[in-house]
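Please look over the model shown below before reading on. The paragraphs after it go from the overall picture to single residues.

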Amino acid sequence: MSEEINLFILTLNSEDGVHKNTIISYKYDINQFNNFIKKKKKTFKSVIKKDILDFLESLKLKNVKNKTKSRKIFALKRFYRFLISERIIKNNPMKQIDIPKSEDTLSITLSADQIEKILKFVSKKTNNYIDIRSNLIIELLYSTGIRVSELISIKINNIDLKKRNILIDPPEKGKSRKERIVFFGEQTKEVIEKYLEFRKIYFKKKDSPWLFPSNNTNDFLTRRRVLQIMHNLADKIQIDKNLMHPHSFSNAFGNHLLNSGADIRVVQKLLGHSSIITTQKYTEHRDKLIETIENSHPLNKNNENIV
């Protein structure tokens with residue numbers, strides 16, 4: 001890794017409010033760009049706008065989605081602003097690079113039949129830690145509608161099995177990361193209990209607070225690792241990899257609840273699209289939220305109206 005990237009990463013690590021996953025993504029994207037310009041015998045200092053456009057064209061040829069390209073552009077824009085601020089370079093080649101329009105991720109969802117196929121497969125593979133972990137990841141994404149960033153940062157102490165709810169308390173809070181409470185049904189509760197038994201045996205770092213700890217670091221699983229797990233499952237289940245994305249399960253959660261007759265305002269609250277649920281608001285809405293999960297969610301064993 002280059003000296004400039006090292007310095008940039010060190011600076012990000014020292015700043016408040018920069019999520020660890022963001023830093024990992026920046027590091028990966030900038031290193032990818034660095035490897036590209038090395039082949040052109042260029043350095044960060046000698047890069048011009050055409051080199052950036054060539055890099056973006058190479059991503060297009062690899063069928064990289066606009067959302068991923070946008071992330072890489074954001075990373076490079078921030079990196080080059082840093083180089084300017086440190087007076088390492090004088091001219092910013094990223095200044096006139098536009099962000100591409102993102103594809104409509106809301107259209108990416110899974111049908112009830114596809115969800116049933118996925119759950120049927122993962123529920124049969126529960127004889128070891130890795131398989132039961134995959135099962136729980138799918139269960140939680142679909143039964144609660146949480147985002148992948150919320151999933152990976154769940155703390156064991158924030159899970160209440162008796163009340164069947166989880167306090168979502170992401171390390172980095174912001175517009176899309178808010179503290180809230182989500183609910184799950186009896187089936188998901190059983191998977192959590194079984195997973196925790198396997199976790200005690202398999203996982204070496206007994207003091208880790210995370211539900212899904214990483215063996216390589218003291219932190220939790222990365223979003224990239226969750227996506228890898230899903231893509232591996234897609235191959236085994238023979239489902240399109242583009243559909244096996246965390247966002248697809250969140251969309252399916254909302255769509256299937258609405259199709260089962262749930263109130264759209266309640267679904268919005270369950271998905272975290274409203275303001276933060278304070279203790280007072282949580283008390284006011286708790287019964288309605290639980291009722292919606294029990295009566296409208298397809299995973300509920302007593303719910304015969306599965307979309």
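Residues are numbered from 1 along each chain as its sequence is written, and side-chain values use heavy atoms, with hydrogens and water left out.

The predictor's confidence in each residue, called pLDDT, runs from 0 to 100; the protein averages 81, and 76% of the residues score at least 70. Confidence is highest in strand β1 (residues 159-160), at a mean of 96, and lowest in helix α12 (residues 279-296), at a mean of 48. The pLDDT is below 50 over residues 274-286, a stretch that has 16 contacts in the model beyond near neighbours in sequence, where a contact means heavy atoms within 4.5 Å. Residues 301-307 also have a pLDDT below 50, with 16 contacts in the model beyond near neighbours in sequence. Where pLDDT is low, the predicted coordinates should not be read in detail.

Turning to the fold as a whole, the protein has twelve helices and three strands, taken as DSSP runs numbered from the N terminus (helices are H or I with at least four residues, strands are E with at least two). Of its 307 residues, 46% count as buried, where buried means under 20% relative accessible area, exposed means over 50%, and partly exposed lies in between (1.4 Å probe, protein chains only). Among the contacts in the protein with a separation of 6 or more, 62% come from residues 24 or more positions apart.

Helix α6 (residues 129-144) and helix α9 (residues 223-237) pack with their axes 11 Å apart and at an angle of about 100°; the axes are lines fitted to C-alpha atoms, for helices over the stretch in contact, and angles run from 0 to 180 degrees between N-to-C directions. The two helices, α6 and α9, are therefore roughly perpendicular to each other, given that angles under 35 degrees count as roughly parallel, over 145 as roughly antiparallel, 65 to 115 as roughly perpendicular and the rest as oblique. On the α6 side the contact is made by Arg133, Ser134, Ile137, Ile138 and Leu141, and on the α9 side by Arg225, Val226, Ile229, Met230 and Leu233.

In one of them, phenylalanine 8 and phenylalanine 82 form a tilted pair, 5.3 Å centre to centre with 55° between the planes. Phenylalanine 8 lies in helix α1 (residues 3-14) and phenylalanine 82 in helix α4 (residues 66-85), so this pair ties together parts that are 74 residues apart in sequence. Phenylalanine 8 counts as buried at 2% relative accessibility, and phenylalanine 82 counts as buried at 8%. The rings of phenylalanine 79 and tyrosine 80 form an edge-to-face pair, because their planes stand at 75° with the centres 5.6 Å apart. Phenylalanine 79 is buried with a relative accessible area of 0%, and tyrosine 80 is buried with a relative accessible area of 0%. One aromatic cluster is formed by Phe8, Tyr26, Phe33, Phe36, Phe44, Phe55, Phe79, Tyr80 and Phe82.

Two further residues show contacts across the sequence. Serine 70, found in helix α4, counts as buried at 7% relative accessibility, and touches Ile99 and Pro100 when residues up to four places away in sequence are not counted. Glutamine 32 lies in helix α2 (residues 20-39) and counts as partly exposed at 23% relative accessibility; leaving aside neighbours within four places in sequence, glutamine 32 is in contact with Phe55, Leu59 and Lys72.

Finally, the backbone deserves a look. Most residues other than glycine have a negative phi. Lysine 41, in the loop between α2 and α3 (49-61), has a positive phi near 60° and is exposed, with a relative accessible area of 78%. Asparagine 63, in the loop between α3 and α4, has a positive phi of about 60° although it is not a glycine, and counts as exposed at 68% relative accessibility.

Methods: This is a predicted model: local features need pLDDT of at least 70, side-chain atom pairs count only at pLDDT 80 or more; totals for chains, interfaces and linings use all residues. Rings of Phe, Tyr and Trp (its six-membered ring) pair if their centres lie within 6.5 Å; planes under 30 degrees apart count as stacked, over 60 as edge-to-face and the rest as tilted.
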